Amino acid sequence: MSPEFGIEMKPDRNSPCPCGSGKKYKKCCSEKGKFMEVTPSNKPETIDYHLVGDNKGNWIRKPGLLNVTIGVREENDVASEIEDIVRIIHSCLKQPIDNTVLEKFVNCEHKLYAVKYHKKAIENEIVSQVEKFKENYKAGSGAKFETENHILLYNTEAFLFQVKSSLDLLIKGLAFFYPELKSLYTFKHRGEGENYRAGGTVIDVLYRKGRQGIAEIFEANRKIWIQEVTGMRDTITHYSRLKNFKCFVEEPYTGGLTVNVHYPSMPTEEQLDIYCTKIYGYLLSLYKDVFNLIKEDLHNKSLS
């Protein structure tokens, strides 16, 4: 037990198991409680072998299963708009694909899905709260009233973090095509205060190296939305919460049959769910424009 928090400390993996079996903890009780037994509704084919290729191109059956876990995405969770973007970049990668390079773009895909997840969570919570207001709303009097909704607050902050993180990972992936980006690692800014430019260092490097097309794509997006999103993300990083973010704000009751309740809004005063949908669309467009440009450049090189 941890004396301060009352947390039971686990034995070292290589130490004798506390159950007294004489085995090492990692070979005995370490797995208990980590899984549950469920009864399948179907009876799939029992597979107790795996295939191994020889140097002549033949496949040989070997006993035992492959030591792999197959990751699948539920059909309802698949986003065609993200998968379309993934297909573009896959078409730009040489076969056989370098797994180190592929992993960078798999990370990008993961971040796009994370952005979509938080956007959807925000939309669902707004719908849920609207239904509650309509079912049984008790008006207040004398002052505006706002209840802090943690689902909206934290999902909005997570949304902003994931958007910025997706830009950072995009730069890591693009370093495969633009070696001058290898030393940057992130969508690095330039300047401070009034001179702050989100991604400015990356954009300037691309311009200097003659990468006019992709530099212009990033600069246009910076002006339209990236500068604003990054500024809000930085606010969360340096303060306790997103400044001037509002959940449902209720006007005081002043008579009559109705009371106005304002929808959740961003510091820009734009309605939260509308804003997130807009930024998600901008992010996907950025990815698509960048990958299509790479695809076009590679095609032109193959013709020259």
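Let me start with glutamate 270, which forms a salt bridge with lysine 278, their closest N and O atoms lying 3.0 Å apart, where a salt bridge is a side-chain nitrogen of Lys or Arg within 4 Å of a carboxyl oxygen of Asp or Glu. Before I go on, please keep in mind that this is a predicted model, in which local features need pLDDT of at least 70 and side-chain atom pairs count only at pLDDT 80 or more, while totals for chains, interfaces and linings use all residues. Residues are numbered from 1 along each chain as its sequence is written, and side-chain values use heavy atoms, with hydrogens and water left out.

Lysine 144 is exposed, at a relative accessible area of 56%. By contrast, consider aspartate 234 and arginine 233, whose side chains meet in a salt bridge at 2.9 Å, N to O: aspartate 234 counts as buried at 18% relative accessibility, and arginine 233 counts as buried at 17%.

Let me turn to the aromatic rings. Rings of Phe, Tyr and Trp (its six-membered ring) pair if their centres lie within 6.5 Å, and planes under 30 degrees apart count as stacked, over 60 as edge-to-face and the rest as tilted. A search of the whole structure finds eight aromatic pairs. In one of them, phenylalanine 105 and phenylalanine 177 have ring centres 6.2 Å apart and planes at 50°, so the pair is tilted. This pair links distant parts of the chain, 72 residues apart, since phenylalanine 105 sits in helix α2 and phenylalanine 177 in the loop between α3 (150-174) and α4 (200-208). Phenylalanine 105 is buried, with a relative accessible area of 5%, and phenylalanine 177 counts as buried at 15% relative accessibility.

Another pair is that of phenylalanine 187 and phenylalanine 218, with ring centres 5.4 Å apart and planes at 45°, so this pair is tilted as well. Phenylalanine 187 lies in the loop between α3 and α4 and phenylalanine 218 in helix α5, 31 residues apart, and both of these residues are buried. On a 1 Å grid over the protein atoms alone, a cavity is a set of points where a 1.4 Å probe fits but cannot get out, whereas a pocket is an open set with protein on both sides within 12 Å along at least five of seven lines, and lining residues have an atom within 4 Å of a point. The largest pocket has a volume of about 290 Å³, a volume being the space filled by probe spheres set on the points, which are joined across faces, edges and corners. Of the 14 residues that line the largest pocket, the closest to its centre are Phe177, Ile294, Asp297, Leu298 and Lys301. The largest share of that lining, five residues, comes from α6.

Which cysteines are joined? A disulfide is a pair of cysteine sulfur atoms within 2.5 Å, and by this rule the count comes to zero.

Definitions and conventions:
Helix = DSSP H or I, 4+ residues; strand = E, 2+ residues; numbered from the N terminus. Buried < 20%, exposed > 50% of the residue type's maximum accessible area, 1.4 Å probe, protein only.
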